[in-house]
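Welcome, and please load the model in your viewer. We will go from stop to stop, selecting a few residues at a time.

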Amino acid sequence: MGSGWCGAAGPERGVLLFLPLPVLLLLLLLVLLLLGCSRPLALRRGPGQVGYLPAPGLSRSQAARRARRARRPGALPPAFPNGWYRLLDSAQLPRGAVRSLALLVPDFARVRTWPSCEVNGMLLVWYHCEGISPTWAVPEQREITTKEWVFRGQTEHLVDAHIQEIPENAADMAHLAFLHGPAILGGSDLRYTRSKLWDFMKHIWKAEWRPEPEPNEHCSQLLVQHTVTIFGKHISLTDLMVSARQVGPGLVFLMFEHAFLGRGIILQTVTPLEPLLQNVVHKIYYQKNMPAIIPKFILRAECIQFERDITIWNNKQYLPKPLLVREDSSIQKHRRWYAQFYSEKSTRLLAQKEGLDW
């Protein structure tokens with residue numbers, strides 16, 4: 001037995017049906033879900049939110065501060081490599097507006113004009129400790145410029161480590177199976193990632209890192225094949241090809257392609273705020289004809305894996321001459337490649353005293 005109202009007004013007739021309340025709530029839920037999936041993902045982790053284990057009687061931020069004070073960073077490379085760094089997204093600085101930012105505290109800090117550019121929806125600045133003009137340009141991603149790929153989300157993290165530690169991960173093949181092999185269902189807390197609850201699922205990685213030849217010697221390539229096994233069985237639907245191109249000391253173009261889920265890119269930018277404090281942003285752009293939930297899931301998965309790395313970076317000591325086995329030879333190759341971004345006058349500050357206003 002249904003409920004409704006019928007009425008006639010002049011020559012026209014209309015029928016208005018009243019839907020049951022549960023149906024209305026379900027429709028409202030579906031609308032909200034669709035709206036939520038279409039909006040870009042926005043996730044920002046504050047200081048100490050990830051990368052540190054909680055201590056008895058202390059909040060997570062208090063535990064992070066105590067760990068920073070007790071940490072022995074080791075014999076670090078120069079604090080600020082020469083290259084292009086992200087300042088802001090283009091949308092954060094409207095035409096005619098002015099903003100003050102603090103990052104990189106070099107000894108020669110003074111009022112001057114800094115080379116800058118606007119590429120891929122970002123504002124970047126060129127830093128060189130000797131004031132040398134840019135020696136290479138930030139590549140433009142055609143699909144972003146032409147809007148074939150649309151912005152689907154962004155994550156932002158603070159990492160308590162030297163900037164070189166982050167790109168050096170690309171050459172550390174051994175850590176892939178140990179740190180990123182356990183299922184993303186286990187989250188980013190390393191105390192629980194190897195829980196037997198999620199042991200039925202494994203990520204399998206095959207990777208190769210190599211520097212690029214001239215005239216792109218400031219770039220390197222990491223080629224990754226990703227697969228998933230469930231109860232030991234290979235799930236071909238999860239096969240993913242990833243090409244991560246490092247451009248200079250702080251920019252990564254992470255391209256991925258899937259047979260059914262399409263193509264897209266994650267732009268990773270690493271900007272030093274202090275010698276041992278990096279601002280890391282991941283922005284994802286994806287084919288506009290694919291449902292937004294797909295790139296948002298990919299970015300979420302990347303976020304979980306990245307936060308596992310943060311726990312290691314935040315607590316490790318940099319060793320200029322670590323004990324390496326033959327399988328780790330690519331780490332030394334990466335360090336030799338990365339050394340091009342330092343020069344004789346590069347500062348070796350261990351702590352930041354003052355910020356530099358751009």
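Begin with Trp84 and Trp126, which are both buried, that is, under 20% relative accessible area with a 1.4 Å probe and protein chains only (over 50% is exposed, and in between is partly exposed). Before moving on, note that this is a predicted model, in which local features need pLDDT of at least 70 and side-chain atom pairs count only at pLDDT 80 or more, while totals for chains, interfaces and linings use all residues. Residues are numbered from 1 along each chain as its sequence is written, and side-chain values use heavy atoms, with hydrogens and water left out.

**Aromatic pairs**

The structure holds twelve aromatic pairs. Rings of Phe, Tyr and Trp (its six-membered ring) pair if their centres lie within 6.5 Å; planes under 30 degrees apart count as stacked, over 60 as edge-to-face and the rest as tilted. Show the rings of Trp84 and Trp126: their centres are 5.6 Å apart and their planes stand at 65°, so this pair is edge-to-face. Trp84 sits in strand S4 (residues 83-89) and Trp126 in strand S6 (residues 122-127), so the pair links distant parts of the chain, 42 residues apart. Helices (H or I, at least four residues) and strands (E, at least two) are DSSP runs, numbered from the N terminus.

Next, select Trp337 and Phe341. With ring centres 5.4 Å apart and planes at 85°, this pair is edge-to-face. Trp337 and Phe341 are buried.

**Backbone stops**

Which bond joins Glu214 and Pro215? It is a cis peptide bond, with omega about 5°. Pro215 lies in the loop between strand S8 (201-211) and strand S9 (219-230).

Now go to Asn120, in the loop between strand S5 (116-119) and S6. Its phi is near 55°, a positive value in a residue other than glycine. Asn120 counts as buried at 5% relative accessibility.

Lys147 also has a positive phi, about 65°, without being a glycine. Find Lys147 in the loop between helix H3 (142-145) and strand S7 (149-159), where it counts as exposed at 57% relative accessibility.

**Last stop: Gln141**

Select Gln141, in the loop between S6 and H3. At 12% relative accessibility, Gln141 counts as buried. Its side chain makes a polar contact of 2.8 Å with that of Glu143 (a pair of N or O atoms within 3.5 Å; within protein, one must be able to donate a hydrogen and the other to accept it, and residues adjacent in sequence count only if both atoms are side-chain atoms). Leaving aside neighbours within four places in sequence, Gln141 is in contact (heavy atoms within 4.5 Å) with Asn120, Trp149, Phe253, Met255 and Ile265.
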